[in-house]
Amino acid sequence: MYRYDEFDHDFVKARVAEFSDQVERRLAGEITEDQFRPLRLMNGVYLQLHAYMLRIAVPYGTLNSKQLRMLGHIARKYDKGYGHFTTRQNIQFNWPALSDIPAILADLASVEMHAIQTSGNCIRNVTADHFAGAAADEVADPRPYAEILRQWSSVHPEFSYLPRKFKIAVTGAERDRAAIQTHDIGLHLKKNDKGELGFAVYIGGGQGRTPMVGKKIRDFLPEEHLLSYTTAILRVYNLYGRRDNKYKARIKILVHETGVDEIARQVEAEWQALKDGELKLPDADVAAIQSYFAPPALAARPEGDEAVKLARLDSKSFGEWLDQNVFTHRNPDYAAVTISLKGIGEAPGDASDSQMEAVADLAEKYGFDEIRVSHEQNLILPHVARADLRAVYDTLVEHELATANSNLISDIIACPGLDYCALANARSISVAQDISRRFASLERQRDIGELKLKISGCINACGHHHVGHIGILGVEKKGAELYQVTLGGSADELTSVGEIIGRGFGPEEITDAIETIVDTYLQVRRDASEKFLDAYRRVGPAPFKEALYASEAKAA
Amino acid sequence: MKILTANRLTDGEAVWFAADGTWAETIAGAEIVSDKDGEARLEAIGKAAYDNNEVVDVNLIDVTVVAGAIQPLRLREVIRAAGPTNRLDLGKQARPVDAAA
């Protein structure tokens, strides 16, 4: 993985010193809250309901064991023994004292981590496919390009005060696991007919109160133009994006109001002036970054087939975990493992200090020291020999991390919601927990099959509800929580925004409503091979509306 | 009826302005006002504490009293006063009863 060079070390160290001084001055009363707020936000420090919150960047979701162990250490020493992995592949701590944050940032810097640009109207953490570098269906590893974007966008003087925040995602496979079409810029790394690498470029995707699917403005951008083209997009946005209204300030609104063809024309014009200048990526620089992401030397481990076969016979639960949480690796002797942070009845994305350390140990022992955070709020070991899967599984069981529910209904994305968040209108975690408990039976979940359920506690949509196969949005109505349900959303290569199915449900009704929706799907599906989303796209909302609301329509 | 709440500057702890003139870590002893004059007085106290860098995010919130206990009207404030509903081991609700009294 990427290692800091001298410049990176000095830069992060200088930032820690600068922010430590700002915190000290704030605590001494030398600067006011109004002066301090933008400074703390630039360093990932929010104020939530119960305490401050620190959001730490995990660039493109990649960690090594030392870093994950440090996160466990921070959880134990400065927080309350756990952290929350987020849909931007980052981690948040919910209880740090402001006075401890300089020490936390110094600890993070010692393992090449920081909290810079995890807030504010700048280019945020660049996300990538969590199976990058491992997936069998990948054209090339997207992370070197995410790293190039990270270096370019860090304290970029022109793009540190954008109209609003700006999010970029990169994937290297046809099957989009990075939700690129829900981003301000989505990049799909691919090869052209000549075998050269480049990107399909999407702009104007986003969620929040105005969900939009990204529009493709270029089918193939040669890789050397990554930065010049991205700069052209950002310049057009920076110039014309609305600054008069926070809710209309994202690039998706600019694209929508101006029209994608006109925006593409403006980007093209800007790019023509930039493309052969200093932003053109020299091959040697791309190769240098790529070398940091060189795949580990994977020794032949052909005994894996037999080992897995025997272990499956030995343990039904191992077999289920294998079916659900183990993903095909480009090397047939290896696999990528999803470690579910969605135990039945648990808060999605939360991991304890000891769980973080256990995963770090596993990565070191069996996983070439690599861990990923997925935007679906799970952890991944991208390279595990199939021969070692049983040993990994047994350790995960010991640490209550072996829930075999990847991509099933209990693998829920949920934002922190009103249990923590100052912006939330309703709770998310409690709804996720109730639904998870209702569908606790793995047999039932596997019968239902792939179903992505996503919950947000307010319209800002951190829980990605718009693109859930089933989406749940919590709102506040007359002082009480109310949950609106959307169906048919998806965040893959066929991204769609879910449709509101009807009136919302109270907290005591929402789990029943979800069960009704699932039961309706089981009735309408052609057979077990027709997934929820496919069935919904075929039959539309009518049978679901009928099942949810017909009795009250008749009563009326 | 209203009470005054904020988060303490140094550690972000949720606090309430108490009848004894301190910022208490639990809602139980918060000073309740029920007229415009009382609200104005609490607001002034909040502003002074904010200006004095003791607290941030200062708000007057609506409450009622049920069986002698202060109960915020909004769920948001109920959760602030207790802690996350999914983690009863955290927040004010996790404190020994004596300390919360």
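At what angle do helix α5 (residues 143–153) of chain A and helix α9 (residues 283–292) of chain A pack? Keep that question in mind as you look around this predicted model.

**Stop one: a pair of helices.** Select residues 143–153 and 283–292 of chain A, and you have α5 and α9 on screen. They pack at about 115 degrees, and their axes are 9 Å apart. Because angles of 65 to 115 degrees count as roughly perpendicular, α5(A) is roughly perpendicular to α9(A). The crossing of the two helices is right-handed.

Now show the side chains where they meet. From α5(A), pick A:Pro144, A:Glu147 and A:Ile148; from α9(A), pick A:Val286, A:Ile289 and A:Gln290. This contact is made of four nonpolar residues, one polar residue and one charged residue.

**Stop two: a helix with buried residues.** Next, select residues 316–325 of chain A, which form helix α11. Which of the residues of α11 are buried? They are A:Phe318, A:Trp321, A:Leu322, A:Gln324 and A:Asn325.

**Stop three: where the chains touch.** Finally, bring chain B into view. The contact takes 22 residues from chain A and 23 residues from chain B. On the side of chain A, select residues 429–438: this is helix α14, which gives the most to that side, with three residues. Colour the side of chain A that touches chain B by residue type, and you will find eleven nonpolar, six polar and five charged residues.

Notes: Residues are numbered from 1 along each chain as its sequence is written. Chains are lettered from A and ligands numbered from 1 in the order in which they are written. This is a predicted model: local features need pLDDT of at least 70, side-chain atom pairs count only at pLDDT 80 or more; totals for chains, interfaces and linings use all residues. Two residues are in contact if their C-beta atoms, placed from the backbone, lie within 7 Å. Helices (H or I, at least four residues) and strands (E, at least two) are DSSP runs, numbered from the N terminus. Ala, Val, Leu, Ile, Met, Phe, Trp, Tyr, Cys and Pro count as nonpolar, Asp, Glu, Lys and Arg as charged, and the others, Gly among them, as polar. A residue is buried if 20 or more other C-beta atoms lie within 10 Å of its own, exposed if 12 or fewer, and partly exposed in between; C-beta atoms are placed from the backbone. Axes are lines fitted to C-alpha atoms, for helices over the stretch in contact, and angles run from 0 to 180 degrees between N-to-C directions. Angles under 35 degrees count as roughly parallel, over 145 as roughly antiparallel, 65 to 115 as roughly perpendicular and the rest as oblique. A crossing is left-handed if the near helix is turned anticlockwise from the far one by less than a right angle, and right-handed if clockwise.
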